[in-house]
Amino acid sequence: MTAAVAGRRAPRRPPPTAPAWWADVAGALAALSLLVVTALWTADRGVQELLAGAATGLTSLGRLAGLVSADLMLVQVVLMARVPLLERRFGQDRIARWHRLAGFASFHLLLTHVLLTVLGYAGTARRGVLAETWDLVVTYPGMLLATAALSLLALVVVTSVRAARRRLRYESWHLLHLYAYLGVALALPHQLWTGADFLASPLARAYWWTVYLLALASVLIWRLGLPAWRSLRHRIEVAAVVAEAPGVTSVWLRGRDLHRLPVRAGQFLLWRFLDGPGWSRAHPYSLSAPPRGDLLRITVKDLGDGSARVAALRPGTRVLVEGPYGRLTGQHWRGGGITLLACGVGLTPLLALLWELPYTPGEAVLVHRARTPEDLVFSAELDRLVTERGLVVHHLVGPRAARPSWLPAYAEGLSDAEALRRLSPDVAGHDVFLCGPDSWVDAVRVATRAAGVPDAHVHHERFAW
């Protein structure tokens, strides 16, 4: 199968990219939704109630906090619905960061909403906070469901804190994170039945129904419908499994009309292999070869998170896919020189790019960082790229340096930037592509800046969950 990488490929039309102005439109719509929510609160005498007295003011502020929280929850849902225009314009790593920020802000506002509302109602009724809380939960329509929603959202937020995420397996974290959808759904009856701002006017009801239905449609169409349609249309299955190195396995995949799958070298998909229990857990793997009209290839390192089972896949195993995702593609290449830096199995998307991009001999430099010689995968393919395409390859093998650095320990006599300039003398004028662990990429980013590479010419994506 390896020889097929450099073979003749069916011509592929690059997937369309979202225009630059789409970023401004998307940001303006999100900001506009918050302004609309505030305007609806104002129109429903929010400001007047704020000034009417302490208890009434607390209740009014609680309403505003709840409305903004609900709006940000729906923004989160849209962000993670994997809408193609958003994915192509911003990339999943940036969208995930925004989702995280919106999520924590929404949850804190939700807690503020609960606290201020209880205090406001308790002040108005002139009774204790605990008694008022119990009364709200057990007597107001939809409040038991809202309490369950708060509990689920709290679970999602707690497990999203970095310290907690590091202790969880990816599959466990992903399953828990799905409870956010249930939390949003359970919160809706409370807003419909007792939300003063929802019931205040036809305009308010029209707005909230519209945004809820748009969020639901985004999930049904892009998160569920499109992956299901592509999986049915292309009927992807395992063609062959190849051991590349200890703990590193390549999987070749075939399917129907794969030339119509809008994927590019450098992108990744979410893969579900129908090989038995656990098939529902998706894993993000990049293409390690440029897509062909009849074959795709991914390469997986056994990291102990379910990836080990890839080596045991059998030819003919059916596969479900989501994607493609990612912006680490040739669309950013300006032509001319290119430097690619990879750490370990981070070589895979860059290898696909090296086969796809039409650079001339001597224009492309690859620096591959590995801890041991056994971690140097795809040596034969890199040798072919050196011979056939004029690629310049540097292998940096050895344990990591004691200081924060992207270099191995034996190169500690050089600064990170100086080493980069020696390996790629013209790097300041190159497009630079990076793939590897976050801390390693951060060290390379520091080196590229010091070596004179503009940030706009450095391209990478973070895949950490």
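Asp-275 is partly exposed, at 33% relative accessibility. In this predicted model, the side chain of Asp-275 forms a salt bridge with that of Arg-309, with N and O 2.7 Å apart.

The whole structure holds 16 salt bridges. In one of them, Asp-294 pairs with Arg-292, and the closest N and O atoms are 2.9 Å apart. Here Asp-294 is partly exposed, with a relative accessible area of 38%, whereas Arg-292 has 13%. Because buried means under 20%, Arg-292 falls in the buried class.

Another salt bridge joins the side chains of Asp-416 and Arg-403, at 3.0 Å from N to O. It links distant parts of the chain: Asp-416 belongs to helix α15 (residues 416-423), while Arg-403 lies in the loop between β9 (392-397) and α15, and the two are 13 residues apart. Elsewhere, Asp-44, Glu-49 and Arg-63 are connected in a network of salt bridges.

A polar atom of the Gln-267 side chain lies 2.8 Å from the backbone nitrogen of Arg-264. The side chain of Gln-267 also reaches the backbone oxygen of Gly-326, at 3.0 Å. Beyond its neighbours within four places in sequence, Gln-267 is in contact with Pro-262, Ser-286, Leu-287, Pro-324, Tyr-325, Gly-326 and Thr-329.

The surface includes a nonpolar patch formed by Trp-209, Leu-213, Leu-216, Leu-220, Ile-221 and Leu-224, which together have about 580 Å² of accessible area. One of these residues, Leu-220, is in helix α12 (residues 202-234) and counts as partly exposed at 46% relative accessibility.

As for the chain overall, there are 16 helices and 11 strands. The chain has 465 residues, of which 49% count as buried. It exposes about 21,700 Å², and carbon and sulfur atoms supply 64% of that area. Of the contacts between residues at least 6 apart in sequence, 71% join residues at least 24 apart.

Definitions and conventions. Residues are numbered from 1 along each chain as its sequence is written. This is a predicted model: local features need pLDDT of at least 70, side-chain atom pairs count only at pLDDT 80 or more; totals for chains, interfaces and linings use all residues. Side-chain values use heavy atoms; hydrogens and water are left out. A polar contact is a pair of N or O atoms within 3.5 Å; within protein, one must be able to donate a hydrogen and the other to accept it, and residues adjacent in sequence count only if both atoms are side-chain atoms. Contact means heavy atoms within 4.5 Å. Helices (H or I, at least four residues) and strands (E, at least two) are DSSP runs, numbered from the N terminus. Buried means under 20% relative accessible area, exposed over 50%, partly exposed in between (1.4 Å probe, protein chains only). Accessible areas come from the Shrake-Rupley method with a 1.4 Å probe; for residues, only the protein chains shown count as cover. Patches are made of residues with over 30% relative accessible area and no salt bridge: like charges are joined within 9 Å, nonpolar side chains (Val, Leu, Ile, Met, Phe, Trp, Tyr) within 5 Å. A salt bridge is a side-chain nitrogen of Lys or Arg within 4 Å of a carboxyl oxygen of Asp or Glu.
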